[in-house]
Amino acid sequence: MPELLYNRKANATLANLAAGGRFPHTLLIEGPEGSGKKTAAWQIAKTLLCEGEPKPCGSCSHCVKADKRVHPDVRYYTVPEGKKEFPVETVREIRQDAYIAPNEGARKIYLIDRAHAMNAAAQNALLKIIEEPPDFVNFLLLCENRSRMLPTILSRAISVELEVPSVEECAAALEALAPGRSAQERQAAAAGAGGNIGRALGLLGSAKPSKSAADAKKLREELIYGERYACLRVLAGYDKDRDGLGQTLSLLREGFAQAAVGREADERLCNRVTVMQLVGAADAVERALLRAGRNVSIPLLSACMVEEVKAALAG
């Protein structure tokens, strides 16, 4: 099985399933939106169809078509645009199609995205085929929360839960996925997405990371050399944008931390503050980030942070 990025438990589970010599007919992949469920499902489908070694070889016709999302034996279904539920009619179509032999490969694989959006009727319709599927069929059910799946479905599926990487791991992944973006933009997007790589990529398509990078730089300048009012004026722009505040504070903390370990080219700053002062400032910003995650009033946490950082830099 291919390695899923920053998913140690899922990788171990999939490796054990593959080592057993018989992959389950129904696998449920659980994780929040943007966690990589579809990417994982396509990688699994590619591995199941691959005719090379090691699997997936990446070069056989099955791997190439799976990578291009055009393999005729991999069927992808999701909730239709404008709809809230997965149609029971679609499930019945899947059930009928599952008995037809594969076109090119040894298996047919059904990727059912947003399976949690199936109502009870749709899930019961699906149950009829996953109870006794043809030997050549695999179902990959993608859901955000298994609690929305019927117990009868769960009892017939092996579940794999995807982990959300840390902010630092997410930023490292973005370096490969979005090399044209600056390190500050990637860090800001990773912070704003809470480590969720899919969401971070979406944020990179907006102006927020660039704004956060500029605001974090201005904040650090004002905290070290300026007045409290100038700092609060920058932070006031985030009164109704908690996610944006998280991105900006994450970059601010990173800036103080990098300076504390000697990664700072500004001689003016190096002559102004000590390593311990910078560490204290980074800790104060970290506390503000924790308060932001607890829904503390943004004006209140901003005022507290400015006072704590100023005190740390003066200490």
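Predicted model: local features only at pLDDT ≥ 70, side-chain atom pairs only at ≥ 80, totals over all residues.

User: Where does Val 275 sit?

Analyst: Val 275 is in helix α14, which covers residues 275–293.

User: And is Val 275 exposed or partly exposed?

Analyst: Partly exposed, because its relative accessible area is 47% and the exposed class needs over 50%.

User: OK, rings now. How many aromatic pairs are there in the whole structure?

Analyst: A search turns up two aromatic pairs. One of them is Tyr 77 with Tyr 110: the ring centres are 6.4 Å apart and the planes are at 15 degrees, so this pair is stacked. It links distant parts of the chain, with Tyr 77 in strand β2 (residues 74–77) and Tyr 110 in strand β3 (residues 108–112), 33 residues apart.

User: Are those two tyrosines buried or exposed?

Analyst: Tyr 77 counts as buried at 17% relative accessibility, since the cut-off is under 20%. Tyr 110 is buried too, at 0%.

User: What about Tyr 110 and Phe 139?

Analyst: Tyr 110 and Phe 139 form a stacked pair, 5.4 Å centre to centre with 25 degrees between the planes. Phe 139 lies in strand β4 (residues 137–143) and Tyr 110 in strand β3, so the pair ties together parts 29 residues apart in sequence.

User: Is Phe 139 buried or exposed?

Analyst: Buried, with a relative accessible area of 0%.

User: Which residues make up the aromatic cluster, then?

Analyst: Tyr 77, Tyr 110 and Phe 139 form one cluster.

Key. Residues numbered from 1 in each chain as written. Heavy atoms only, no water. Helix = DSSP H or I, 4+ residues; strand = E, 2+ residues; numbered from the N terminus. Buried < 20%, exposed > 50% of the residue type's maximum accessible area, 1.4 Å probe, protein only. Phe/Tyr/Trp six-rings, centres within 6.5 Å; stacked < 30°, edge-to-face > 60°.
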